[in-house]
Amino acid sequence: MPAKGCTVERELSVIGGGVIGLSCALAAADAGWAVSVFDAGASRRAAQVAGGMLGCFGEGHPGEAGLLDIAAASVARWPAFVDRLADPGIMTARDSLLIAASAADLAQLDEQVRFVRARIPDAAPRLVRSTAAELRASEPGLARGIAGGYFAVGEGAVDNRRLLDALGSTLRAAGVRFVDACVADPAQASGDQVLITAGLDSPAVAAAAGAEVAVRGEKGEILRLRRTRWSVPPPGHVVRGRWHGRTVYLVPRADGLVLGATQYESVDHADRAPIAGGVSDLLADGGELMPGLRTYELAEVSAGIRPSSVDGLPIVRRLDDRVLVATGHGRNGIALSPWTADRVLELLA
């Protein structure tokens with residue numbers, strides 16, 4: 001028994017070393033927990049293949065009111081989160097342009113913005129309807145002939161891989177212990193509490209604890225383009241295009257940009273091979289949206305599988321007195337990580 005007046009340090013084990021697990025581990029360490037992270041490696045991390053957009057306006061779609069509310073709450077936490085990581089270079093853009101290729105695309109974008117403005121009180125002054133000329137003045141590399149769109153103030157982006165590195169170094173500085181291991185059962189993890197953040201593997205780990213968690217996989221290709229000495233500069237904003245019925249986005253990086261992303265349901269969670277049709281569509285749409293991209297080098301072609309819940313909302317809840325789960329974030333894992341970390345702290349309390 002501890003001496004009178006002494007405190008017993010609480011121990012948390014986190015199963016999963018992706019952005020959700022690391023963000024939750026940092027919040028717990030800052031709250032006084034002794035934390036261990038069990039990391040199975042980078043190959044299955046959804047955040048390893050991501051654009052890193054911190055959007056709620058650009059991600060606000062009619063019928064997804066709950067997700068929009070959570071996204072807005074999480075985006076508001078990002079400035080403090082970046083300050084905690086002490087690496088301002090994580091941020092690659094501060095604002096976004098929402099671009100429509102045609103009148104039909106612009107009508108859909110208008111409907112999306114009406115929904116966001118009705119749901120988020122301060123959205124109206126931060127979503128500015130803009131003409132094609134105004135948008136091209138902000139990003140001269142945009143194609144001529146676009147229909148118009150919106151300037152989205154505060155819709156930034158981060159470098160996903162630099163974010164993961166910064167989380168790892170910050171956690172180690174905070175005394176968090178890393179274990180290179182794949183944990184299939186929470187009973188194998190030490191600690192007073194266990195948090196499952198294993199993405200697509202979360203249902204299997206939860207089942208070992210006698211609980212049911214439903215997650216499906218959504219596969220998507222993302223391309224990394226590197227600027228050459230003959231290339232036009234990469235965009236300074238996130239550029240989110242609604243391009244003749246498809247979506248395409250350009251996210252700045254230090255040496256070029258990320259071009260994404262396709263999305264379709266994945267049956268085989270081990271299948272991370274890029275599909276020719278998806279890659280072809282991205283290159284075609286990206287080249288039409290910003291013609292200067294045709295001079296960039298195709299530096300990387302990747303495919304990842306995002307763990308998505310059935311209803312589209314992140315699954316963050318307690319499974320029993322010892323085990324919690326945080327998974328199912330789909331395309332929004334990076335953007336929703338600060339909100340998820342705070343929610344996990346509430347559950348731990």
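**Notebook: cysteines, strand S11, overall dimensions**

I looked up the cysteines to begin with: the sulfur of Cys-182 lies 19 Å from the closest cysteine sulfur, in Cys-24, which is too far for a bond. I took a disulfide to be a pair of cysteine sulfur atoms within 2.5 Å. By this rule I count zero disulfides. Cys-24 is accordingly in no disulfide, its nearest cysteine sulfur being that of Cys-182 at 19 Å.

I note that this is a predicted model, in which local features need pLDDT of at least 70 and side-chain atom pairs count only at pLDDT 80 or more, while totals for chains, interfaces and linings use all residues. Residues are numbered from 1 along each chain as its sequence is written, and side-chain values use heavy atoms, with hydrogens and water left out.

Buried means under 20% relative accessible area, exposed over 50%, and partly exposed in between (1.4 Å probe, protein chains only).

I then turned to the strands. Helices (H or I, at least four residues) and strands (E, at least two) are DSSP runs, numbered from the N terminus. I find nine helices and 17 strands in the protein.

I picked strand S11, residues 238–243. Six of its six residues are buried, so S11 is largely enclosed by the rest of the structure. In a regular strand the side chains alternate between the two faces of the sheet. I looked at both faces of S11: Val-238, Arg-240 and Arg-242 are buried on one side, and Val-239, Gly-241 and Trp-243 are buried on the other.

Which strands pair with S11? I count two strands as paired if DSSP finds at least two bridges between them. Strand S4 (residues 96–100) runs parallel to S11, joined by five bridges, and Ile-99 stands opposite Gly-241. Strand S12 (residues 246–253) pairs with S11 in the antiparallel sense, also over five bridges. Here Gly-241 stands opposite Val-248. The hairpin of S11 and S12 has two residues between the strands, and His-244 takes a positive phi near 50° there.

Last, I noted the overall dimensions. The C-alpha trace spans about 75 × 40 × 35 Å along its principal axes. Over C-alpha atoms, and with the globule rule of 2.2 Å times the number of residues to the power 0.38, a compact globule of 349 residues would have a radius of gyration near 20 Å; the protein has 21 Å, which agrees. Buried residues make up 55% of the 349.
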